[in-house]
Amino acid sequence: MRSSLRGAGAAAAAIALVLVVAGSWFGYQQLAGPSCSGKIQLSLAAAPEIAPAVEGAADQWVADGAAVGGTCIAVNVTSAESVDVAAAVASKYGATLAGVGQASGTVVTPDIWVPDSASWLLRLKAGGATAFAPANGNSIARSPVVIAMPEPVAARFGWPDKKLGWTDLLRQVTSDKPLRAGIVEPTQDAAALSGLLSLATAASATGGADANKAQEATIGALRALATNRSSLRQDLLARFPRSSDPAAIASGLGAAALSEEDVVAYNNTKPPIPLAALYLDPAPVPLDYPFTLLPGVEPAKASAAKVLFEVLTTPGFKNRLAGQALRAPDGNWGQGFKAPQGAPSPAGGDASAASAGQGAAGGLDPAQIQKATSTWSVATQSGRMLSIIDVSGSMKQKVATANGATREQVTVAAANQGLALFDDSWSIGLWTFSTNLRGSQDYREIVPIKPLSSNRRALQQGLASITPSSGNTGLFDTLLAAYKTVQEDWEPGKVNSIVLFTDGKNDDDNGISQKQLIDQLKKLRDPEQPVQVIIIGIGNDVSKAELDPITAVTGGRTFVTIDPTKIGEIFLQAIAIRPPAPR
């Protein structure tokens with residue numbers, strides 16, 4: 001809906017914009033006059049659950065004569081899923097968000113964005129949007145993240161009297177007779193991501209100092225959730241039992257990470273089996289609804305946005321939030337808010353979040369978010385991949401940060417660790433490359449691409465057999481041959497990809513040039529059967545400028561790290577990049 005403008009006169013030839021922000025309701029009222037000229041049109045996209053409150057406040061503000069320095073203000077508030085706006089912003093700024101996909105083309109980036117969580121802003125920055133520098137970012141609302149359970153199921157765990165923790169939930173979802181837990185795709189849903197972060201932290205802690213055990217526990221927890229995952233929140237909610245029949249309760253969804261607002265909204269529909277909201281310890285990071293002024297907004301609009309933010313921090317707006325089952329940024333709630341049974345006291349239970357007036361990213365770690373979303377994408381989806389490892393002479397070089405292990409040893413260790421992430425539905429093959437490995441051929445097949453259900457042991461043995469040669473880097477010939485191989489037996493329903501590890505530039509006097517490789521890839525490329533090329537460069541000798549045009553042709557990406565010990569993290573991030581379907 002569009003806010004109407006009252007009392008707008010004819011546009012002035014020149015308008016002087018003067019703004020004094022007093023930080024209070026009185027301050028904003030002083031800027032609104034009985035008449036004004038000209039018009040500032042603000043566009044604002046807000047998460048669906050908060051949009052009615054924002055729109056109501058904006059409508060009232062405009063009706064009361066919203067103006068800045070004699071210029072009238074109109075506000076166009078639209079309801080938009082946070083993931084859709086994030087996809088549009090990512091496209092605009094060249095960011096890659098694991099699991100998000102491409103923008104639909106119908107979502108236009110607004111002047112102001114109120115997503116449900118600051119995690120979107122952090123993911124955009126971490127995903128490569130280096131020029132993305134939004135302003136403000138302060139929270140205007142909050143909704144704790146809870147574990148939603150059908151009340152009869154929750155009662156079995158002692159609700160509402162017993163306080164549960166994430167380790168308790170972890171035991172239930174990974175037991176021999178597991179609780180049927182589900183999740184909205186956490187790469188597309190902020191509440192699910194918050195719950196995933198908490199559960200993954202609990203799982204990792206069970207491994208103690210043993211990294212392999214910690215990873216095994218984490219992967220087990222993720223796959224347990226993935227069994228009942230959904231791309232849409234409404235689809236997930238529909239899986240909760242709709243009958244009090246014990247069989248229906250037993251076969252229905254038993255638990256899911258949702259927001260407090262989700263639970264209240266669901267119970268307001270008067271379902272046969274209401275949901276209980278369990279506030280687990282330690283409290284996950286809540287949804288925090290940052291008021292975000294996107295980059296590039298002209299000064300007049302930016303000034304108007306500052307005043308609008310004031311409107312959205314008044315006691316009256318807190319009451320509007322209560323009508324949407326949302327809290328104020330400090331965790332308190334307005335008149336009419338009906339807290340779920342067992343909810344913590346107004347400001348308690350989610351102290352990890354930012355308080356009112358502070359940045360909305362409190363308690364969020366960009367590196368942790370990226371690792372969680374990447375691990376989820378790899379561990380819960382299927383693919384077909386050819387892994388190619390450089391065995392040129394320079395891979396013998398020792399790595400100071402790896403206790404004297406060579407580049408080859410560090411790379412193989414990262415590949416072995418990555419292999420543990422893939423379930424048996426993946427198909428994976430292994431090549432090595434240098435120059436003249438087999439006569440004049442620069443590459444050697446170690447293990448053909450086959451399902452891991454029959455191929456895992458062969459891959460482990462193949463990786464263990466890798467040693468550096470004395471050759472150079474026959475990169476371009478190897479990539480062309482690999483592309484043809486993966487394309488030849490292209491498998492539908494999976495991401496078909498090549499992941500190549502190298503520590504140098506192409507160095508093959510008898511091979512094709514970069515231009516010839518790119519020309520060949522363009523000819524071979526089939527939009528109906530895409531093959532994604534990802535290159536992971538190690539050390540100072542890799543030329544990203546040489547590699548980027550190659551991976552770009554295939555919809556892939558080049559990653560370069562100076563420190564070879566970081567390739568495990570990069571490998572995880574790289575595999576999570578999947579050719580996205582349009583939103």
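User: Which residues touch the most other members in the largest nonpolar core?
Analyst: This is a predicted model. Its largest nonpolar core has 93 residues. Ile147, Met149, Leu169, Phe240, Leu278, Phe422 and Ile536 touch the most other members.

User: What does Ile147 touch, not counting residues up to four places away in sequence?
Analyst: Trp166, Leu169 and Leu280 are among its partners. Ile147 also touches Ala255, Ala256, Ala257, Ala276, Ala277 and Leu278.

User: Switching to strands. Why is S4 largely enclosed by the rest of the structure?
Analyst: Strand S4 covers residues 71-79, and seven of the nine are buried, so the rest of the structure largely encloses it.

User: How do S3 and S4 run, parallel or antiparallel?
Analyst: Antiparallel. Two bridges join S3, residues 67-68, to S4. Val68 stands opposite Thr71 in S4.

User: And which residue in that hairpin takes a positive phi?
Analyst: Gly69, near 55 degrees. The hairpin has two residues between the strands.

User: New topic: Thr292. Buried or exposed?
Analyst: Thr292 is buried, with a relative accessible area of 1%. Its strand is S12, residues 290-293.

User: Which backbone oxygen lies 3.2 Å from a polar atom of its side chain?
Analyst: The one of Pro290.

User: What is Thr292 in contact with, leaving aside neighbours within four places in sequence?
Analyst: Asp111, Ile112, Trp113, Pro115 and Leu121 are among its contacts. Thr292 is also in contact with Pro134, Ala135 and Gly137.

Methods
Residues numbered from 1 in each chain as written. Predicted model: local features only at pLDDT ≥ 70, side-chain atom pairs only at ≥ 80, totals over all residues. Heavy atoms only, no water. Buried < 20%, exposed > 50% of the residue type's maximum accessible area, 1.4 Å probe, protein only. Helix = DSSP H or I, 4+ residues; strand = E, 2+ residues; numbered from the N terminus. Pairing = 2+ DSSP bridges. Core = buried A, V, L, I, M, F, W, Y, C linked by side-chain atoms within 4.5 Å. Contact = heavy atoms within 4.5 Å. Polar contact = N/O pair within 3.5 Å; in protein donor to acceptor, adjacent residues only side chain to side chain.
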